[in-house]
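The sequence and the structure come first, and the description follows.

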Amino acid sequence: MRVLIVEDEEGLAGALRIGLVREGYAVDLATTAGEAHEKLALTAYDIVLLDVNLPDGNGFQLAEQVRSGELDGPSGTDVRLLMLTARGGLPDRVRGLDVGADDYVVKPFALAELTARLRALLRRDVRGTSSVLRVGDVTLDAARQLAHRGRRELSLTLKEFAVLRYLMTRPDHVVSSEELLEHVWDENADPFTQTVRVTVGTLRRKLSVDDEPPMIETVIGRGYRLRADPAVAGTA
């Protein structure tokens, strides 16, 4: 999933980025409200982590602009917003939620709690109420970073795990290479490389070994589809 961190404390922003990348997220950084505006105008983010105190504005204003549609961009007005700030007073928390934040975390915080809150926000458009996704005989536990097909544990890279998680939130739907690049890779990814095709190819091979039916099919000219019923999945 694609995350934008809007935080002017470079040390904290860097530490957050490292921690979230290790959890399988694609992470971009913005240190000012203006830079956040530019990135939100170009990229479809799943979640924005938003500091309140910014050099050229504040997170309350930015959240309000996102929710009102004033900031027009591919994320839309429904992107999940998590306030991440040292301002923990009741009036600030109430204001943050009133202007459109989905959650409000007060600094200092534990990374484990933050990632749990991110998973909770992401579940809002995913079936089920736990961190475990199931499609066919494949299960993925986002909290423990484990994936299985049947009883067989899948040995996946972070990027393969992230691609599988994204596809599992959209079973039987065609997902384009551009959509995967947008949500699973960060802003440093080269859109002209074959990285998506290569990653999906290795993931497909790891998902289906021996006589296991394939689960990922290539829809020529359109993208990839994870089949809930692998018996109908084609190969490419």
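## A glycine, a sheet and a helix pair

G19 is buried, with a relative accessible area of 8%; buried means under 20% relative accessible area, exposed over 50%, and partly exposed in between, with a 1.4 Å probe and protein chains only. The model is predicted, so local features need pLDDT of at least 70 and side-chain atom pairs count only at pLDDT 80 or more, while totals for chains, interfaces and linings use all residues. Residues are numbered from 1 along each chain as its sequence is written, and side-chain values use heavy atoms, with hydrogens and water left out.

G19 lies in helix 1 (residues 10–22). Helices (H or I, at least four residues) and strands (E, at least two) are DSSP runs, numbered from the N terminus. The C-alpha atoms of G19 and R87 are 23 Å apart, and 68 residues separate the two along the chain.

An open sheet holds three strands in the order 12-14-13, with antiparallel pairing. Strand 12 (174–175) and strand 13 (216–219) are at the edges, each with a single partner strand, so one side of each has no neighbour in the sheet. Two strands pair if DSSP finds at least two bridges between them. The two pairings are listed below.

| Strand pair | Bridges | Sense | Residues facing each other |
|---|---|---|---|
| Strand 12 and strand 14 (residues 223–226) | two bridges | antiparallel | V175 and Y224 |
| Strand 13 and strand 14 | four bridges | antiparallel | E217 and R225 |

The hairpin of strand 13 and strand 14 has three residues between the strands, and G221 takes a positive phi near 80° there.

Helix 6 (residues 158–168) packs against helix 7 (residues 177–184) at an angle of about 115°, with the axes 10 Å apart. Axes are lines fitted to C-alpha atoms, for helices over the stretch in contact, and angles run from 0 to 180 degrees between N-to-C directions. K159, A162, V163, Y166 and L167 of helix 6 meet E179, L180, H183 and V184 of helix 7, where contact means heavy atoms within 4.5 Å.
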